[in-house]
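Dear colleague,

Here is the structure I said I would pass on. My notes on it follow below.

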Amino acid sequence: MIGFDELHLDADRRRPAVPVAVAGGADPTVLEALRGAIDRGWVAPILVGCEDAIRRIADESRVPLDGFSIVIAAEADVARAAVAEVRSGRARMLMKGRVATPDLMHAVLDPEHGLKSGRSVSQVVLMEIPRDSRRFLLADTG
């Protein structure tokens, strides 16, 4: 059965790094996860939010920001600005950081400026319980 280790090795072989727009980049967990993904060559993150807050959280978390791009956006505009990065093609994926889920979904589903394509939109979480050798894909958990 394929686990996270095998998925990681497969991802290590893929290039180029995927540009990811992060709505609300001032989040230590998000920054740490993205640092690991950058170091493995998986992603080229675009952090969207308050630059001072992003830099402060990165410094406090000891996460170097080399390899990250920052798009400055006011707190009220973070979700829309991150969605705009995907819509424009500058990013290929959208990641939720420190932003309210309703705000992010409102931006994603906006009929004029969102990402609606006439197809279903889902949020998916991949989870592994190594002790039991079990993996789960959970959809729309919110």
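For pockets I used a 1 Å grid over the protein atoms alone: a pocket is an open set of points where a 1.4 Å probe fits, with protein on both sides within 12 Å along at least five of seven lines, and lining residues have an atom within 4 Å of a point. Grid points are joined across faces, edges and corners, and the volume is the space filled by probe spheres set on the points.

This is a predicted model, in which local features need pLDDT of at least 70 and side-chain atom pairs count only at pLDDT 80 or more, while totals for chains, interfaces and linings use all residues. Residues are numbered from 1 along each chain as its sequence is written, and side-chain values use heavy atoms, with hydrogens and water left out.

The pockets

The second largest pocket has 24 lining residues, and those nearest its centre are Glu 75, Ala 76, Val 78, Ala 79 and Val 99. Helix α4 (78-88) contributes the most to this lining, with six residues; β2, α3, α4 and α5 each supply at least two. Helices (H or I, at least four residues) and strands (E, at least two) are DSSP runs, numbered from the N terminus. By residue type, the lining of the second largest pocket splits into 13 nonpolar, five polar and six charged. Here Ala, Val, Leu, Ile, Met, Phe, Trp, Tyr, Cys and Pro count as nonpolar, Asp, Glu, Lys and Arg as charged, and the others, Gly among them, as polar.

The largest pocket holds about 1,200 Å³. Its lining has 31 residues, with Met 93, Leu 94, Met 95, Lys 96 and Val 124 closest to the centre. Two or more lining residues come from each of α1 (4-12), β1 (18-23), α2 (28-39), β4 (93-96), α5 (101-109) and β5 (124-129). The lining of the largest pocket comprises 21 nonpolar, six polar and four charged residues.

Strands β2 and β3

Strands β2 (residues 43-49) and β3 (residues 69-72) run parallel and are joined by four bridges; two strands pair if DSSP finds at least two bridges between them. Val 48 has Val 71 of β3 as its bridge partner. Together with helix α3 (residues 51-60), β2 and β3 form a right-handed β-α-β unit. Right-handed means that, with the strands pointing away from the viewer, the path from the first strand over the helix to the second runs clockwise.

Salt bridges

The whole structure contains nine salt bridges, each a side-chain nitrogen of Lys or Arg within 4 Å of a carboxyl oxygen of Asp or Glu. In one of them, the closest N and O atoms of Arg 55 and Glu 51 are 3.0 Å apart. These two residues are four apart in helix α3, which means that about one helical turn separates them. Arg 55 is partly exposed at 44% relative accessible area, and Glu 51 is partly exposed at 26%. Buried means under 20% relative accessible area, exposed over 50%, and partly exposed in between (1.4 Å probe, protein chains only).

Arg 56 and Glu 60 form another, at 3.4 Å between the closest N and O atoms, and they too are four residues apart in helix α3. Arg 56 is partly exposed at 45%, whereas Glu 60 is exposed at 53%.

Arg 80 and Asp 77 make a salt bridge of 2.3 Å, N to O. Arg 80 is exposed at 51% and Asp 77 partly exposed at 33%.

Regards
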